[in-house]
Structure formats: structure tokens, C-alpha cells
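Welcome! Take a moment with the sequence and the 3D view before reading on.

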Amino acid sequence: MAETISPPGLAQLWQSALPQLAESVGHAACDTFLRSAQVLEFDGETILLGVANEFARDWLREKHLPAISSCLSELVERPVLVEMQVVEQDGNPPAPPMADTAPAKPIATGFGSVPLNPKYTFENFVVADCNRFAHAASQQVSKSPGKSYNPFFIHSKVGLGKTHLLQAIGHAVVEHNPNLQVVYISAESFVNQLIGAMRDNRTAQFRHRYRNVDVWLVDDVQFIAAIKGPASEEEFFHTFNTLYETNKQVVIASDAPPRHLQLMNDRLRSRLEMGIVADLRCPDVETRIAILDKKAQSEGLALSQEILTYIAEKIESNIRVLEGALLKVCAQISLTGEQLTLSAVEELIADYSTAAAPRSVSVRDIAEYVADQMECPLEDMLGPKRNQEIVWPRQVAVYLARELTNSSLANIGAFFGGRDHSTILHGYNKVSELLETDEEVLWLINDLKSGLQM
Ligand code: ADP
Ligand code: MG
């Protein structure tokens, strides 16, 4: 009853499975591990998959066996088991990636850096409270790589400027020290290159390349944690250690802080935690307007304040989406050669999402957290005392209450022991001023904000 499928049929089967596998395992992982795999045998019950190396085999087995098997079962219309085998590369080279996998990824063609985007400079980065600390630390790192903040870890949700800052560091280092080796790479490309190197027996070159870098900028490191591949994490750890121990600068960007990364290697996680950790938060509306303004200028377009404000108010939580909306408006203007009315703009970007990150901390949460972190009894913070040990934590809490909640000055004042609006404003301004000049205050506020928003 079990008819066997002939080899061309097997290749066909695998090709038909890929689009759906890409949906279930993710496109990046599919391109990296599955496109080059092949169906070697199918006896009606078990499908034997040939994969490029042990790393791919272990990773697919651990993470995606059920998905692969259910996808193939559907295609052959009966339940099938899946087994994997590493294919020797001499006889059976894996199929080259298909043409539609563009943009091309540097798989083992050469190791090292991806070119920096010329737009991602410090000059083009708008500094505001949501990113002040990360920006200051990035600048510091670029001025004295390996000497101040090492490793330096930036995290945020998507579209808030991690890649921009990482590359800005790269640009600035190259500008000040043209003879330093700067490598910018996404963790995903790092893994791709590693796999390619393992496949081609070029791991020695791979290691040599990465362990002779002065500034290593690694983007989206969560990829390393997500694939749970012992080989890639290990390799990453060794590269990291070699650079770190020789005082080379390592900068890492991720969608989560180090302690939330699902790393298997505890030493790696604790090393990452020991460095400087900075986050990027959603910009407020003034900052969003400033970003749009800068972007519009760099595109050579003057948009009315009304239009900029409209876009900035509509799109709250992702700067990339914000810029996308602006570019759409700019494209329309250059197409028609006319300024747009506000209602035309409204229509043009009607389908852009307005979803904002909810601000869920309350004034009380903030007061309790700051009291605890700054070792000031809560009842003193909310009470009448005016000695400096109490006043400073209170001002910090007031500042954070104003930044992180929508409470009015009057409500914040009422909560902090019935203080009036001008006292609250004074406290807020005091902290804001210090943030501009005092690095320690910057760190303190940054840490407290991160802690509160976890
Ligand atoms: P992430 O890597 O966090 O997903 P990106 O660095 O790719 O985000 O940023 C998304 C877009 O927003 C980029 O075009 C970037 O230039 C822009 N952007 C982010 N933050 C700022 C900022 N503070 N000033 C100007 N542009 C910014
Ligand atoms: Mg990015």
C-alpha cells in the first residue's frame, strides 16, 4: 500500500513544503536550515531528511520536528514520521538557495561585516528622554571603544532605534579611528556564516576573522538564544570572550534585556548582565514630531506642522512605522507636485496602526519601587520631611511619575503627601536638569525606568 515516491518527486515534495514551513518555523530559519535540506527517502511511513550539518540536525530536531512532520503529512495525505541525517557534502551538495530568497545573505562567501547604512549616524538620531541614556553611552563607547562601557547592551521593542545606534557607533569609530576593525553583523548572519563555515570546513578562518575585531557590533542577538543551537551559542560565547578579554569593544542589541534572554550558557548571560545595559523606549509625541521633522528635511521636503503632528499623534509605538507613513506622504507629494491637505493625509495613512504600548505603571507602583530601590521609607517619601535623604528620592519618584503615567501634576502632588503643583514641577525640573549634566543621575533614572517597565 505504501507507494514510494521517485527522487524527482521527493524534490518536488520538499519544494512544496517550503512555503508552509517558512510560515511555521519563520522565514529566516527556513532560509538558513531548510532550503538546503533534501528529502532522501520516503518509505510511506518515514521521511528521511538530509541536512547540511549536525548543528542544523540538532536544531531542527529540537525545535521543529512536529511542524515539519505535520506539514509533510498534509502534503502526502497520511501521517508520516521525520528523521534527519547529515548529508556528506562531497556526493550530494545541498541545493543552492532559491532565487526568491533575496536579499542575498552572506552565507560563507566571506565572513564579517555587513556595510553600514549611511543614514544611521549620530547626527540623524534625535535625542530625547526615551533614548538619552542609550545615546550617551553609545557616544561614549564610540569615543573610547573597549575602554569605558564593555560590553554595552541595548534593548528595546522593534523599530525604536537599536540598529540605528549600533551603526552610529560603527560610523563614529571609523571616523575617529580609521584603522580600527569594526564589524557590524546580525546574530542571524553570524549563525549563517558559522553554518557555512562548518559546511565548508572553514571554521578556522571564521574564528580568525571574528577574533581579530576591535569593535564588534552584534544586532538582534535574541536570534542566538531563540534557535537553541549549542554550536552557535558556544561559538558566539567564544568570540565574545576572546574579544572581551582582550579589551575589544562588544556592543549587542536585542529585543529583551540580558536576563530575559533564553541563553543556555549562564556565564554568557551573566557577562552580558555585568556590562552596561540601556533600553530604548517609545518616544513621546514631541519627540516623534522632531523625528519626522528631521526625516522630512533629509528627504528635502517641508511639511506643515499640522501634518507632522497628525502623523506623530497617530503612530505611537514604532519609529519605523512612523517613518513609513511619512514616506508615503512624501511619495504622494512628489507624485502630484502639490502640498496635501490634512484630510488627504488622513486618508492616505488611514490604515496605519495606532496601537500604543500601554502605560501600565501607576504612581503608587513608582513610589513603592523608588522607595525600595533608593532605600527611603515610603511613609517618609509621602510624608512631610524635607531632609535631603528624603527629598531626593521623592523628586526622582515625582519625575518618573510624570514621565511614565498620565497623571496630572495636581494628582501626583496629592499622592506625594498633598504637595502643590509648583513643588511637584520644581522636583520634576530639578531631575530633568540633572539628567542633562550628571551622568550618575542619568544612570539612576535609566535603571529605575527599566526596572519599572519590565
Ligand atoms: P530597531 O533596530 O530597534 O528595530 P531601527 O534602528 O531599525 O530600530 O529604527 C527604525 C527606524 O527608526 C530607522 O529608520 C531609524 O533611523 C529610525 N529611528 C529610530 N530612533 C530614531 C531617533 N531617535 N531619531 C531618528 N530616527 C530614529
Ligand atoms: Mg534592528
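Let us begin at the ligand. There are 18 residues around ligand 1, and those that come nearest are Val126, Gly159, His164, Arg320 and Glu323. Please keep in mind that this is a predicted model.

What kinds of residues make up the shell around ligand 1? Seven are nonpolar, seven are polar and four are charged.

| Residue | Part of the residue | Distance to an oxygen atom of ligand 1 |
|---|---|---|
| Leu160 | backbone N or O atom | 3.2 Å |
| Lys162 | side-chain N or O atom | 2.8 Å |
| Thr163 | polar side-chain atom | 2.8 Å |

How much of ligand 1 does the protein bury? Taken alone, ligand 1 exposes 560 Å², and the protein buries 94% of that. The space that ligand 1 takes up is the second largest pocket. Two elements give two or more residues each to the shell around ligand 1: helix H5 (162-176) and helix H13 (319-336).

Now step back to the whole chain. Its domain assignment gives domain 1 (7-86), domain 2 (132-279), domain 3 (285-348) and domain 4 (363-452). Elsewhere, the centres of domain 3 and domain 4, taken over C-alpha atoms, are separated by 35 Å.

Finally, two spots in the backbone deserve a visit. As background, most residues other than glycine have a negative phi, and most peptide bonds are trans. Asn150 and Pro151, however, are joined by a cis peptide bond, with omega about -10 degrees. You will find Pro151 in the loop between helix H4 (132-143) and strand S4 (152-155). The other spot is Asp220, a residue other than glycine whose phi is positive, near 50 degrees. Asp220 sits in the loop between strand S6 (215-219) and helix H8 (222-227).

Technical notes
Residues numbered from 1 in each chain as written. Chains lettered and ligands numbered in written order. Predicted model: local features only at pLDDT ≥ 70, side-chain atom pairs only at ≥ 80, totals over all residues. Heavy atoms only, no water. Near = heavy atom within 4 Å. Polar contact = N/O pair within 3.5 Å; in protein donor to acceptor, adjacent residues only side chain to side chain. Areas by Shrake-Rupley, 256 points an atom, 1.4 Å probe, with all protein chains shown as cover. 1 Å grid on protein atoms, 1.4 Å probe; cavity = no way out; pocket = protein on both sides within 12 Å on 5 of 7 lines; lining within 4 Å. Sits in = over half its atoms within 2 Å of the grid points. Helix = DSSP H or I, 4+ residues; strand = E, 2+ residues; numbered from the N terminus. Nonpolar A, V, L, I, M, F, W, Y, C, P; charged D, E, K, R; others polar. Domains from an automatic or database assignment.
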